[in-house]
Amino acid sequence: MRKYLFRRLLQLVPLLIGISLISFFVMHLAPGDPTALFIDPNVKPEELARVRANWGLDQPIYVQYFLWLKNACLLDFGRSYTTGQPVINEIGQRLPVTLLLMAPSFLLTLLITIPLGVISAVRKGSWFDNAVTFLSFAGMAIPTFWLGLMLMLLFSVKLHWFPAVGNIILPLITMTIGSLAGLTRYQRASMLEVLNQDFIRTARAKGLPERVVIFKHALRNALIPTVTILGLTLPDLFGGAFIIETIFAWPGMGRLGVQSIFQRDYPIIMGIVMISALLIIIGNLLADIGYALVDPRIRYEKSK
Amino acid sequence: MECRKFSSLLICSLLFSATVLAAGVDSEGVLRFSLGGEVSVLNPILSTDSVSSAVEGSIFSGLVTVNEKLEMAPDLAERWDVSRDGKVWTFHLRKNVKWHDGAPFTADDVKFTFDSILNPKVNSVRRSDFIIDGLPIKFRIVGKYTLQAILPKPFAPFLVNAGIGIIPKHLLAGKDINTADFNRQPVGTGPFIFKEWRAGDHVTVERNPDYYLGKPLLSKIVYKEIPDANSRLVALEADEIDETDIPPKDYTRMKSVKGVNIYEYDVLLYTYLGFNLANPKFADRRVRQALAYATDKKQLVNLIYRGLASPAFAPSAPVSWAYSDAVPKFDYDPEKARQLLKEAGKEDLEFTILINQGNKEREKAAVILQQQYKKIGVKVNIRVLEWSALLKIVNAPKAPKEFEAVIMGWSLGLDPDAYSIWHSSQYPRGFNFINYNNPKVDKLLERGRETIGRSERKKIYAKLWQAIAADQPYIFLWYPKAVVGIRDRVGGLSKPGPAGMFLRLEKVFIKK
Amino acid sequence: MRRVNRQALFGAALLGFFVILAIIAPLIAPYNPDEIVESQTLAPSLSHLFGTDDLGRDLFSRALHGARISLTVGFVAVLISVLIGTLFGAVSGYYGGFLDSVIMRFVDVMLAFPSIFLILAIQSMLTPNIYNVMAVIGLTSWMGVARLVRGEFLRIRELQYVEAARAIGCSDPRIIFRHILPNAQSPIIVAATLGMAGAILTESALSFLGLGVQPPMASWGNMLMDSQAYLFDAPWMSIIPGLLILLTVLSLYFVGEGLREKLNVRG
């Protein structure tokens, strides 16, 4: 296990370098220009060129990249073009605000999705199962940002229950519904699979009460895939954060990200890409480890 | 209409002074401003966005400031004089001014500020304000409280540029200004002292009891960042903020909200449709004039602003002291437009208008113009470009540039100088990207910026606007209006005008 | 009839309906979608089924024309992603070895991106138009297909008939395209259907943020972009395009699930 962990951590390095390489080049080769926002009849083009040069943007792109990489290895991701502050500080201020939204949403998702998926599977074909299936499809098909708008329309404009922005409830609901649907379908499927397996039939044949069969035997095994997939939903959660935070003006990393895209604040964009990628990879890793812990049959030494 | 507006304004301000006398001042009053975006940096020589500038206005002060009449008035400089040849400006600074940290303010700080702006390593886009025809303005300390600016040649807009916020030498000397922590914990000489900044949420400043123009009446100002326009309106209605801008579509509804006063005033901006004169399609003045006749500016203003803007006719703004109404107007007349096009032999004109992505007003204008021009048989295509891609085309340092027409806007400085936009030397490098070239206009532009007296300049600019408008290198589309809602508990406001209504922040108060 | 079939049938019918409407949009749209025909933000009525927008354009006509754009973007984007994914997956699975590890590491890298952020970042730097939207979505969503196709190839290439083809001297491309690929098409079709649902959602999110299909061209996503400012005054401007996206994506999911059952693809 330790050896496996070590190897996985080692794999992180080329992965992160690959990610930084792609995002850096895509960004810097595109026609955009961070000084474009300064345009004003009194600002001469040569002033913009000077500011660009101060930022090092006049150097060949590979030089810029190696400089960035060298500093990034020392955990220095440069400074924001718009605020002049270190990227680490800027993101450090925003990440906790995002987690404040993501963590409860994650928990809520788990609390809702597991019982829904399990009951749905146990009562396969019932009206409850049908309803859950239909709703989870609808949940997957609903554009997150539109869901956010509709919730705003209902709860802020019509009912006046919550303010449209600055309150956690609406973004929390939006984010939770967004991740709920897919997971519920997954949980249902894995529960169904387990229920069809021999040891469940054996347990039933032994005359164990249905409750014991389901909660003690089936559920435990059906949770394994859910644990795995949880790590894999992290990218979606992050993706959702970008849009949801923008709509609800939630001052987290997602909104900072979208804003820095519009401002072409390259250092911030790079920082956010790297941090989210790191979190996503770690999420995957934790999922794999969790998988190994829950299910001792899985041995990593051989796989991959 | 114009008249009625004026009288209602008058009554309004009379009522105001009455309430000021009647209502007591809440000495613990907190003013709650709303900001439509995020504050990025609190340093007047670095910030480029209006949101940051709004906050800086309470913390920093400049040598001179603008008053309700849009004239430059004393601030940190008690008075100033200009040498006979217009090249040497001497500023006599106020004594006994203290920085918020207690250090004394002297001419050293002023020189430091201007030198920093001119320092190529400092990312200040204001640098070109202090360079005239390639030569920098020199600053010289004459006494502890006296400073001279030596200009390479007379340059009237200098005084306005000299109003930029002054930063403290004792805190910034020897530091990298671009990245200094100062930019997040600013220290100024203004009426309010920086207190707290929560990124993405709010900035708080509190009263500076030692302010040289008198102790402010407010105890604090909170600047709340609320990016969404609807949310700002809701917050104003719910008495969570005291001030916000009102989108035209909400004007009528907000007028009926109790406890909120709505003010509208003109601002120094205009939006235009500019033609690439290097393109044979637009070389003939009659073609441009024909399109001007075919432009129903009333419809534009009504559809886009619901009437809360006015048609534009010249590259100045009615609120500017240099504005003149005596220009050719090309009132809507599609018949005349068709006839002019025929004369020019361009009846089958087809062209593409560029607009920048994300600007709703310009996008709507393009769609409306497309239909208006269709009526005279001109086909318009619309192409949306990302902002920097659009700038890359119009600012390309080569001729001819690859566009036909573009909808853009200029925000005008307090000084009417428009050299960088219209002078033929500003093409292809510079902001005369449409290749406008009129020797008469060039002369007027040069004389305008070298003449110091206002009345003299007024005459020059009147001729200038007339000459430009006759050529229609741009079709001037509209002057937007600022519409703001302010809760009625706020007193001590200045007269509504392009410089805003909070010109004297130390006099603003919350009624008891 | 089984539930999945019922859903799939419903999905197919709805999808077909939308596709037909999109095709004949110019014939049945009551107005020119770009033309200002009425006063601004009129509520839905008999003369304007979906109301009018903030410029006074007929929203029903815009929604019909928007269907063409949104469906085309979804379709072409998924086509691009399936082509790339199949190519990479096939090469990876068929040849294995070094090529396989390189491609799969590349897939890992692409999967570790927060994809919507990557798409936003790229799109914000390009000229925003419909072609770029399709290309960017396609180029950032092929990884799932690549993994899937690789898996199929790994399985199929060991089958006897492939061995036989190799023995009689068939060229690699011929084996890949004529012998293996046809047998791997079912999971690709299912993935493409679900992928199109995803592409339509992504387009709408991009356009909503102003980085997608640009006005005055209408897409369901950019109709929504205009609507947020009018949430108080003209809620129909947001409700209708959102519902159209929801229904289209839902029907694609239903069809995809149906195909999955029918073609016996593991989920």
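**Note on chains B and C of a predicted model**

1. UniProt, in an unreviewed entry, lists "transmembrane region" for residues 7-29, 69-95, 102-124, 130-149, 188-214 and 234-256 of chain C. Such annotations may be inferred rather than shown by experiment. The model is predicted: local features need pLDDT of at least 70, side-chain atom pairs count only at pLDDT 80 or more, and totals for chains, interfaces and linings use all residues. Residues are numbered from 1 along each chain as its sequence is written, chains are lettered from A in the order in which they are written, and side-chain values use heavy atoms, without hydrogens and water.

2. Two of these segments can be described further. Residues 7-29 of chain C are 91% helix and 0% strand, with the end C-alpha atoms 29 Å apart. Residues 102-124 of chain C are 87% helix and 0% strand, and their end C-alpha atoms are 29 Å apart. Helices are DSSP runs of H or I, at least four residues; strands are runs of E, at least two.

3. Chain B has 16 helices and 22 strands. Its radius of gyration is 24 Å, close to the 24 Å from the globule rule for 512 residues, so chain B is as compact as a globular protein of that length. The radius is taken over C-alpha atoms; the rule is 2.2 Å times the number of residues to the power 0.38. The C-alpha trace of chain B spans about 70 × 55 × 40 Å along its principal axes.

4. Of the 512 residues of chain B, 59% count as buried (under 20% relative accessible area, 1.4 Å probe, protein chains only). Among chain B contacts (heavy atoms within 4.5 Å) between residues at least 6 apart in sequence, 69% join residues at least 24 apart.

Technical notes:
Buried < 20%, exposed > 50% of the residue type's maximum accessible area, 1.4 Å probe, protein only.
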